[in-house]
Each structure stands twice: as C-alpha cells, then as structure tokens.
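Please keep the sequence and the structure in view while reading.

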Amino acid sequence: MKGYITIVRRDRDDGYQAEVLGVPGCKCSAPTVDEALHAANQTLRRRAEELQEEGADLPAPRPSHDMISEVARRSAVAGACLREPKLSA
C-alpha cells in the first residue's frame, strides 16, 4: 500500500505537531495525537484541492512500510500513512 507518511512529534506548547512528509505546507498542531492526525488529513485534503485548482498534483505517495523508519529516524511519537484524498473532478 502507498500513502502519505505523516509523523507526529511533541510540540513545545504541550501539544503535538503533525507533518505530512514530502508535501509542502502540510503541517498542523493539536492538543492530542489523534487530533493532530485528523488535522493532518484535513490539511492534506485542502492542499490537494489547492494544487488541483492550480492544475498540479500532490507528490507521489510513498510505500507505507517507509513510515516506521521515518518515525524512528525523526524521533516521533506516532506515525500514520494517510490515503490520497479523493477529489471531485
């Protein structure tokens, strides 16, 4: 399976920051890990819509097995592999 690798790290402000790797502008913060992942999914969808309006696409998704190594390499507290957003034509 392929998807958009997302890592979650502790934020300085007692919350969590999620980042969708390889997709510029896809970072967000939230008070919990689950909320950070949910916000990352929404941010990815908005970014995909913006790119679609510009006539561009999201970068290619990566193999999901890369997520584990990225979490370890970046000292993250959690990781996820988000599916590509389904956009209307």
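A polar contact is a pair of N or O atoms within 3.5 Å; within protein, one must be able to donate a hydrogen and the other to accept it, and residues adjacent in sequence count only if both atoms are side-chain atoms. The side chains of Glu19 and Arg9 make such a contact, at 2.9 Å.

The model is predicted: local features need pLDDT of at least 70, side-chain atom pairs count only at pLDDT 80 or more, and totals for chains, interfaces and linings use all residues. Residues are numbered from 1 along each chain as its sequence is written, and side-chain values use heavy atoms, with hydrogens and water left out.

**Strands**

Helices (H or I, at least four residues) and strands (E, at least two) are DSSP runs, numbered from the N terminus. Two strands pair if DSSP finds at least two bridges between them.

| Strands | Bridges | A facing pair |
|---|---|---|
| Strand 1 and strand 2 | Five bridges | Arg9 and Gln17 |
| Strand 2 and strand 3 | Four bridges | Ala18 and Cys28 |
| Strand 1 and strand 5 | Five bridges | Thr6 and Ala80 |

Strand 1 and strand 2 form a hairpin with five residues between them, and Asp14 in the turn has a positive phi of about 65 degrees. Burial is judged by relative accessible area: buried means under 20%, exposed over 50%, and partly exposed in between (1.4 Å probe, protein chains only). Asp13 is exposed, at 67%. The C-alpha atoms of Asp13 and Gly79 are separated by 20 Å, with the two residues 66 apart along the chain.

Strand 2 is mostly covered, with four of its five residues buried. Glu19 is in strand 2 and counts as buried, at 16% relative accessibility. Contact means heavy atoms within 4.5 Å. Not counting residues up to four places away in sequence, Glu19 touches Ile5, Thr6, Ile7, Arg9, Cys26 and Lys27.

Four of the five residues of strand 5 are buried, so strand 5 is largely enclosed by the rest of the structure. Ser75 is found in the loop between helix 2 (66–73) and strand 5. Most residues other than glycine have a negative phi. Ser75 has a positive phi of about 50 degrees although it is not a glycine, and Ser75 is exposed, with a relative accessible area of 62%.

**Helix 1 and the interior**

Helix 1 (residues 33–53) has 21 residues and reaches 30 Å from its first C-alpha to its last, close to the 30 Å expected at 1.5 Å a residue. The expected span is 1.5 Å times one less than the number of residues. The buried residues of helix 1 include Ala36, Leu37, Ala40 and Leu44. The buried residues of this helix pack against strand 1, strand 2, strand 3 (27–30) and strand 5 (78–82). Just after helix 1, Gly55 takes a positive phi of about 80 degrees.

A nonpolar core is a set of buried Ala, Val, Leu, Ile, Met, Phe, Trp, Tyr and Cys residues joined through side-chain atoms within 4.5 Å. Which residues touch the most other members of the largest nonpolar core? Of its 20 residues, they are Tyr4, Val8, Val20, Val23, Leu44, Leu58 and Leu82. Strand 1, strand 2, strand 3, helix 1 and strand 5 each supply at least two residues of this core. Its largest share, seven residues, comes from helix 1. Apart from this core lies another, of six residues, among them Ile5, Ile7, Leu21 and Val71.

Leu58 touches Tyr4, Val23, Leu44, Arg47, Ala48, Leu51 and Pro85, not counting residues up to four places away in sequence.

**Cysteines**

A disulfide is a pair of cysteine sulfur atoms within 2.5 Å. A search of the whole structure finds zero disulfides. Cys28 is in no disulfide, and the nearest cysteine sulfur, that of Cys26, is 8.2 Å away. Cys28 is buried, with a relative accessible area of 11%. The sulfur of Cys81 is 14 Å from the closest cysteine sulfur, in Cys26, which is too far for a bond. Cys81 counts as buried, at 18% relative accessibility.
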